[in-house]
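Hello! Here is the structure I promised to pass on to you.

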Amino acid sequence: MLVITRREGEEVVIGDPHNPIGVVRIASIKGDRVRVAFDFPRAVEVHRREVANQITSGGQAVNGEKTVEVQVTPAAVANGNANATVA
C-alpha cells in the first residue's frame with residue numbers, strides 16, 4: 001500500500017502520467033472530514049469500502065446508495081470531458 005500526504009486541492013495521478021487511468025483530488029478538508037474527488041472513466045467502478053463489502057457479499061448497498069453504471073469513451077477521457085456527478 002502506498003501512503004502519501006496531500007493538501008487540499010492537490011492531486012494524485014493514477015497510471016501513466018501522459019495518459020492516466022484517472023486522478024484523485026483532495027477536494028476539501030474540514031475538521032476531521034476529507035472530501036475526495038475521483039476523476040475516472042465511467043467504466044471504472046469506484047466504491048467506498050463498506051459498499052464494496054456489501055456488493056461482494058451479495059447484499060444491498062448501504063445507506064440507500066444506488067449502484068450507477070456509467071460509460072465514457074476514451075476520447076472523452078483524453079479531452080478531459082469525463083467528469084460525472086451522481087446525486
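The protein has two helices and three strands, where helices (H or I, at least four residues) and strands (E, at least two) are DSSP runs numbered from the N terminus. Along the sequence they follow the pattern β-β-β-α-α. Please keep in mind that this is a predicted model: local features need pLDDT of at least 70, side-chain atom pairs count only at pLDDT 80 or more, and totals for chains, interfaces and linings use all residues. Residues are numbered from 1 along each chain as its sequence is written, and side-chain values use heavy atoms, with hydrogens and water left out.

**The sheet**

Let's begin with the strands. In general, strands of a sheet pair through backbone hydrogen bonds, either parallel or antiparallel. Here, three strands form an open sheet in the order S1-S2-S3, with antiparallel pairing; two strands count as paired if DSSP finds at least two bridges between them. S1 (11–14) and S3 are at the edges with a single partner strand each, so one side of each has no neighbour in the sheet. On average, neighbouring strands of this sheet are turned by 20 degrees against each other, direction ignored. For that angle, axes are lines fitted to C-alpha atoms (for helices over the stretch in contact), and angles run from 0 to 180 degrees between N-to-C directions.

How many bridges join S1 and S2? There are four between S1 and S2 (residues 22–30), while S2 and S3 pair over seven bridges. Arg25 is a handy residue to look for: this residue of S2 is the bridge partner of Glu11, and Arg25 also stands opposite Ala37 in S3. The hairpin of S2 and S3 has two residues between the strands, and Gly31 takes a positive phi near 65 degrees there.

Is Gly22 buried or exposed? Gly22 is buried, because its relative accessible area is 3% (buried means under 20%, exposed over 50% and partly exposed in between, with a 1.4 Å probe and protein chains only). Gly22 and Val12 are 10 residues apart along the chain, and their C-alpha atoms are separated by 8.7 Å.

Gly9 is in the segment before S1 and counts as partly exposed, with a relative accessible area of 44%. From Gly9 to Ala27 there are 18 residues in sequence, but 5.6 Å in space, C-alpha to C-alpha. For the whole protein, 16% of the 87 residues count as buried.

**A nonpolar patch**

Ile14, Ile21, Ile29, Val34, Val36, Phe38, Val44 and Val46 make a nonpolar patch of about 620 Å². Patches are made of residues with over 30% relative accessible area and no salt bridge; like charges are joined within 9 Å, and nonpolar side chains (Val, Leu, Ile, Met, Phe, Trp, Tyr) within 5 Å. The accessible areas come from the Shrake-Rupley method with a 1.4 Å probe, and for residues only the protein chains shown count as cover.

Which strand gives the most to this patch? Strand S3 (residues 33–39) does, with three residues. Val44 is in the loop between S3 and helix H1 (49–56), and at 34% relative accessibility Val44 is partly exposed.

**An aromatic pair**

A search of the whole structure finds one aromatic pair. Phe38 and Phe40 form this pair, which is tilted, with 6.5 Å centre to centre and 40 degrees between the planes. Rings of Phe, Tyr and Trp (its six-membered ring) pair if their centres lie within 6.5 Å; planes under 30 degrees apart count as stacked, over 60 as edge-to-face and the rest as tilted. Phe38 is partly exposed, with a relative accessible area of 46%, whereas Phe40 is buried at 16%.

**Salt bridges**

Two salt bridges turn up in a search of the whole structure; each is a side-chain nitrogen of Lys or Arg within 4 Å of a carboxyl oxygen of Asp or Glu. One joins the side chains of Glu10 and Arg6 (3.5 Å, N to O). Glu10 is partly exposed at 26%, and Arg6 is partly exposed at 36%. Glu50 forms a salt bridge with Arg48, their closest N and O atoms being 2.8 Å apart. Glu50 is partly exposed, with a relative accessible area of 37%, and Arg48 is partly exposed at 37% relative accessibility.

Enjoy exploring the model!
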